[in-house]
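Here's a quick tour for anyone about to work with this model.

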Amino acid sequence: MKSIVTGFATAVALWSAQAVAAEVKVLSAGAVEPGLHKAADLFKAKTGHEVKIQFNTAPQIAQRLKDNYVADVLIAPPGALEGFVKDGKVAAEGRVPVGKVGAGVTVRTSATPPNIATTDAFKQSVLSAESLVYNTASTGLYLEKLFEKLGIAEQIKAKSHRYPNGEAVMEHVIKGKGNEIGFGAITEIKLFESKGLKLVGPLPADVQNYTNYSGAILNTTTSPDLGKQFLIFLATPEAKQAFVSAGVE
């Protein structure tokens, strides 16, 4: 880590000497959005370089890469990155861990929070809810397996509402009524807390699911050096703290 931080300090010195602003283009999974925005702002403050970010779900990212989307950096789960390396879309070397995001439970700000203190309490709250809302992306796929494991998948099927992404889930819950429970990445829930949602809490520890995220250079990059410099910055303590403050562990 020390060498990475030292490398970033050297890079900053070079950028300051050049005093030429440029733009880093980033394609990223949506779960790290609040932390990545904070880190990008810090990067711009230190270097003067803009960071343009496109957030998408995993299927959308895969389609963009298939269509040879042009960007410098990709942030996605390690498993997805491995697949993209095999497809020739992502560089095999220079990967940087960004952090991990857990799944959480949310309700409208005016709603009574369900009891999710234990797995049994969580199970009963899910069964008692009038409506359940979650996505068809990574969080939703995990919840499908969890509900099957808890033996309640068939019981809740009729009252479950699914959306392609977390944003649509949050908007549904905000506009909802009655005893409705939403699920999503904790970071996504936090983004909507000022808009009518509240984070009840993470899933119980024994059934929690974390998704890890890492950054890598895309082979479509037109600015590989700048992309690498941005990845180096994401490994610094300052950037890590920005992610932690936004719910990315």
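pLDDT is the predictor's own confidence in each residue, on a scale from 0 to 100. This is a predicted model, and the chain averages a pLDDT of 91, with 92% of the residues scoring at least 70.

Two stretches deserve a flag. Over residues 1-6 the pLDDT is below 50, and beyond near neighbours in sequence the model gives this stretch five contacts. Residues 13-18 also sit below 50, with seven contacts beyond near neighbours in sequence.

In soluble globular proteins, nonpolar side chains tend to be buried together. Here, the largest nonpolar core has 40 residues, and the members touching the most others are Val26, Leu36, Leu74, Ile75, Phe230 and Leu234.

What does Ile75 contact, leaving aside its neighbours within four places in sequence? Its partners include Val26, Leu27, Val32, Leu36, Val98 and Leu234, along with Ser28, Tyr213 and Gly215.

The largest pocket comes out at about 710 Å³. It's lined by 35 residues, and the closest to its centre are Gly30, Ala31, Asn56, Thr57 and Glu188. Several elements supply at least two lining residues each, including strand E4 (96-108), helix H6 (138-149), helix H9 (186-191) and strand E9 (210-217). Helix H3 gives the largest share of that lining, four residues.

**Two residues to look at**

His49 sits in the loop between helix H2 (33-47) and strand E2 (50-56). Is His49 buried or exposed? Its relative accessibility is 4%, so His49 counts as buried, the cut-off being under 20%. A polar atom of the His49 side chain lies 2.8 Å from the backbone nitrogen of Ala22.

Glu171 is found in helix H8 (residues 166-175), one of the elements that supply at least two residues of the pocket lining. At 35% relative accessibility, Glu171 counts as partly exposed, because that value falls between the 20% and 50% cut-offs. Val98 is 73 residues away from Glu171 in sequence, and the two are 27 Å apart in space, C-alpha to C-alpha.

Note on methods. Residues are numbered from 1 along each chain as its sequence is written. This is a predicted model: local features need pLDDT of at least 70, side-chain atom pairs count only at pLDDT 80 or more; totals for chains, interfaces and linings use all residues. Side-chain values use heavy atoms; hydrogens and water are left out. Buried means under 20% relative accessible area, exposed over 50%, partly exposed in between (1.4 Å probe, protein chains only). A polar contact is a pair of N or O atoms within 3.5 Å; within protein, one must be able to donate a hydrogen and the other to accept it, and residues adjacent in sequence count only if both atoms are side-chain atoms. Contact means heavy atoms within 4.5 Å. A nonpolar core is a set of buried Ala, Val, Leu, Ile, Met, Phe, Trp, Tyr and Cys residues joined through side-chain atoms within 4.5 Å. On a 1 Å grid over the protein atoms alone, a cavity is a set of points where a 1.4 Å probe fits but cannot get out, and a pocket is an open set with protein on both sides within 12 Å along at least five of seven lines; lining residues have an atom within 4 Å of a point. Grid points are joined across faces, edges and corners, and a volume is the space filled by probe spheres set on the points.
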